[in-house]
Amino acid sequence: MDLASRYPAVSDLKARAKRRLPRFVWDYLDSATGDEATARRNRAALDAVLLPPSILHGEIDPDPATMLFGRPQPLPVGVAPVGMSGLVWPGAERHLAEAATEAGLPYALSTVATMLPEEVGPATQGEGWFQIYPPRDPEIRADMLRRAKDAGFRVLVLTVDVPAPSRRERQVRGGLRQPPRLTPRLALQTALRPAWALAMARTGLPRMALIEAYAADLQKSSLPSTAHAGYLLRTSPDMEYLRWLRDAWDGPFVVKGVLRADDAKRLEAEGVDALWISNHAGRQFDAAPATAEALPAIRAATKLPLILDGGVESGLDILRARALGADFVMMGRAWHYALAALGPRGPAHLIDILRADLIANMHQLGAATLADLPAPVYPPGFSP
Ligand SMILES: Cc1cc2nc3c(=O)[nH]c(=O)nc-3n(C[C@H](O)[C@H](O)[C@H](O)COP(=O)(O)O)c2cc1C
């Protein structure tokens, strides 16, 4: 049976991923913080967006293409940065970059990925996005930007919604530590998941490649012993820091983790190129508004391109985000469900699912292009 028949939706990939991943890896990928209400809220807010079908348009041939940063995009969706991606599947970053680039979609590499910018950048063919958690040390900061640029990354994404480490209680309970180490408990979970264990046996457990390289350099130098991976990153940058980065980067500059209209206005005044509305999939703060709830007010406050993520699981969700005012959508976990479920052929299958779902639902809406989507409506009692 072909993939389209066996796994027609993201939920199929998610269910299979959960069966194939050791418990601690699943919990790393899937857990949010606190009671995980923000993660549920993201989903509920998307579900609440209704799009009235439009009829009698005759035959149309929907095209879900759009433009972003001056480039045509065949689909309005890409791959969000996910730290330690390679824990879900060996070589995850490169598999995702290749599949996304092949389909013309952007791939964003995390600062805390398991592969180096040099190992992944070439696969993005000059269209990659590099996500930065800001290094404290000015020399490391400049070096990181230079390495990302030289490796072929075009767009810089500054993530600002991690002012301090998250507590992420489910993950703590799961027993995963940084760097990952197979304690007897984790080894037992691994033994129960032979496909993952076999794939990982060839490479060993992955680590944060770029950060560990800098940490090793620092340890060789005369810096104090606090110069370990955690110290390297100044997780709570200020406006001064943002300006430095913006001026140092020759290419589109995006700020990720925006949820308020006043912040959107401030950032527009600072000359950033796009805002990324995100609550980090609920992984940081459990009283954050859903991204689909936050979007309309931000749309009203700024003319900047808006990117949205959080709980997006289908082409229909992407249309909902577009109808609410987003220009582009990113997905994080779903790509990793695809990898865990199907290995390296998973991401291309997910792209097929999204494309088919976008087109099927655009037919229902009588929308030949994304500019033809109707204004969304909300059920009574729900206001964004
Ligand atoms: C396991 C995991 C690791 C993540 N690591 C990062 C990261 O290193 N940098 C970052 O900016 N965002 C990170 N994020 C957040 C994603 O970029 C994105 O905002 C979020 O996953 C979108 O929601 P979705 O997974 O429901 O699509 C991570 C998310 C997950 C699930």
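Close-up 1. Among the buried residues of α17 are Arg 333, Trp 335, His 336 and Tyr 337. Their cover includes α2 (10-20), α3, β3 (77-79), α5 (92-102), β10 (328-331) and α18. Helices (H or I, at least four residues) and strands (E, at least two) are DSSP runs, numbered from the N terminus. Just after α17, look for Gly 343, with a positive phi of about 70°. Residue numbers start from 1 along each chain as its sequence is written. Because the model is predicted, local features need pLDDT of at least 70 and side-chain atom pairs count only at pLDDT 80 or more, while totals for chains, interfaces and linings use all residues.

**Close-up 2. Where α17 meets α18.** Ala 334, Trp 335, Ala 338, Leu 339, Ala 341 and Leu 342 of α17 are in contact with Gly 346, Pro 347, His 349 and Leu 350 of α18 (C-beta atoms, placed from the backbone, within 7 Å). These contact residues comprise eight nonpolar, two polar and no charged. Nonpolar covers Ala, Val, Leu, Ile, Met, Phe, Trp, Tyr, Cys and Pro; charged covers Asp, Glu, Lys and Arg; the others, Gly among them, are polar.

**Close-up 3. The shell around the ligand.** Here 23 residues surround the ligand, each with its C-beta atom, placed from the backbone, within 6 Å of it. The closest are Ala 80, Gly 83, Ser 110, Gly 332 and Arg 333. The elements giving two or more residues to this shell are α3 (23-30) and α17 (333-342).

Note on methods
Two residues are in contact if their C-beta atoms, placed from the backbone, lie within 7 Å. A residue is buried if 20 or more other C-beta atoms lie within 10 Å of its own, exposed if 12 or fewer, and partly exposed in between; C-beta atoms are placed from the backbone.
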